[in-house]
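Please look through the sequence and the model before reading on.

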Amino acid sequence: MAEQMLRFVNCFQKLPDKRAAGERREDFGEIYAGFSPERAGEQASRCSQCGIPYCTVHCPLGNVIPEWLRLTTEGRLKEAYELSSSTNSFPEICGRICPQDRLCEGNCVIRPGFQSVTIGAVERYITETAFSEGWVVPRLPAEETGQSVGIVGSGPAGLACAERLRAAGHEVHVYERQEKPGGLLMYGIPGFKLDKSVVERRWKLLEEQGIIFHLGQSVGYGEGALSLEELRREHDAVFLATGVYQARQVKGPGAGLANVVEALPYLKASQTGHEDAGLTAKGRRVVVLGGGDTAMDCVRTAIRQGAEDVVCAYRRDRDNMPGSRQEVLNAEEEGARFDWMVTPEAFLGDDKVKAVRLREMRLGAADGEGRRAVEPTDTTRDLKADLVICALGFEPENLPELWKQPDLAVTRWGTLDVSGKGHETSLLGVFAGGDIVRGASLVVWAIRDGRDAADAIMNYLSAGAARSATSVEECA
């Protein structure tokens, strides 16, 4: 065993092969190739098999990473897949889009900054091998419970919850207002990070499992919408996984000028092919405001659309930005420029934006978590722009007001309040998870919430069934 593993001392980190920047600028195909069996085994063998695996500790799903790395090294891939999928509902997705540099890979115990095992790439290799070998099959229930659950939203939280509930024998209905399930997996994350066929493949597997999808069906508001009361009458429990899609508004004079747009409509237009004159970067000087992964998605999408120039403006420096460092590197390789330590103050133009006035910032004192505050300076400058994409984050919609549910409790941030035990909201039998509870967060956290909420719902349904059985016995 020692000879097979612990090879970090004489074997260096090697990332999957990456398409050349000039080539990948021309399309939306995934930029990384999958590992070969030899490369996957070699990289997995670099694991130190430590006694306290920080990679597992820092994985929201608690993936038992060292164990399936060892199985990969030994060529026991079916076992590796079974172990990987036991804690992760969608390992093929997490292997592609998780920020491993901030989670598992970035917390290797060997030493800070160590070039750790390429965990995400090995995870993707294991799962893609499992699909190609036919090992991935729908988890069909052993028996039906006769109870049904309605799930609002088909992002990663909703799908993870649905898969787990259906495997336990519950009838599961997923209500999604878009034409296809997946939420941001389908309509927000670009294909160069997550090819849509990967999401659609999982969707078909969930349908084969018996999950019923109601696509193009809104809940709570809008023409043809179902009310929450209707869902509660129809189902024994309801899970709300609506996500957060309300863009954080940019402020300042000129913010309402034409061609100052929000990130999500821009990305969705690119994903669906419904670009119009205001939502394409072709031939334009583009400025993207923000420093998270959504901003990187916008930057790299604009490059592929044929922008004349793309600049990402962010109020902190490179070391303090929230987005994946690998994504920043990929964007720079593809031709994007970064303007650090600036914040938008005004948007200039007559009817359409022509420039952004940026105020230069400086770093101040660090907060309790070590992140340094930013302070404005006296210096401003103008940056020419024909299209400004605002990627400043997302906030929850006011569901109690939109859905006419004043008893649906929310936190001071507007997210649904599930401060009680087990993801249950203030409404009996109504549960919630994912971004609508956490605020805008990572896909892997949404999957965790979906799985945990499914367990809580099953406990609730079991308790209800037990109460009903007791009542029947007492009446007899």
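The model is predicted, so local features need a pLDDT of at least 70 and side-chain atom pairs count only at pLDDT 80 or more, while totals for chains, interfaces and linings use all residues. Residues are numbered from 1 along each chain as its sequence is written, and side-chain values use heavy atoms, with hydrogens and water left out.

**Confidence**

The average pLDDT (the predictor's confidence in each residue, from 0 to 100) is 93 for the chain, and 96% of the residues score at least 70.

Helices (H or I, at least four residues) and strands (E, at least two) are DSSP runs, numbered from the N terminus. Two strands pair if DSSP finds at least two bridges between them. An open sheet is formed by 3 strands in the order E10-E11-E12, with antiparallel pairing. Its edge strands, E10 (342–349) and E12 (372–384), each pair on one side only. On average, neighbouring strands of this sheet are turned by 20° against each other, direction ignored; the axes are lines fitted to C-alpha atoms, and angles run from 0 to 180 degrees between N-to-C directions.

E10 and E11 are paired over 7 bridges, and a hairpin of 3 residues joins E10 to E11. In this pair, Val342 stands opposite Glu360 in E11. Strand E11 (residues 353–366) is also paired with E12, over 9 bridges, where Arg362 stands opposite Glu375 in E12.

**Pocket and cavities**

On a 1 Å grid over the protein atoms alone, a cavity is a set of points where a 1.4 Å probe fits but cannot get out; a pocket is an open set with protein on both sides within 12 Å along at least five of seven lines, and lining residues have an atom within 4 Å of a point. Grid points are joined across faces, edges and corners, and a volume is the space filled by probe spheres set on the points.

The second largest pocket has a volume of about 900 Å³. Its lining has 39 residues, and those closest to its centre are Leu15, Gln100, Asp101, Glu105 and Gln326. Helices H6 (91–97), H7 (119–133), H13 (293–304) and H14 (325–333) each give two or more residues to this lining, with the largest share, 5 residues, coming from H14.

By the same rule there are 2 cavities of 30 Å³ or more. The largest cavity is lined by 20 residues, and Cys47, Ser48, Cys55, Cys108 and Ile119 lie nearest its centre. Helices H3 (54–57) and H4 (65–73) give two or more residues to that lining, and H4 provides the largest share, 3 residues.

The second largest cavity holds about 120 Å³ of space. Of its 15 lining residues, Cys59, Asn63, Cys98, Cys104 and Glu123 are the closest to its centre. H4 and H7 each supply at least two residues of this lining, and H7 gives the most, with 3 residues.

The table sets out the linings by class: Ala, Val, Leu, Ile, Met, Phe, Trp, Tyr, Cys and Pro count as nonpolar, Asp, Glu, Lys and Arg as charged, and the others, Gly among them, as polar.

| Lining | Residues by class |
|---|---|
| Second largest pocket | 15 nonpolar, 13 polar, 11 charged residues |
| Largest cavity | 15 nonpolar, 3 polar, 2 charged residues |
| Second largest cavity | 10 nonpolar, 4 polar, 1 charged residues |
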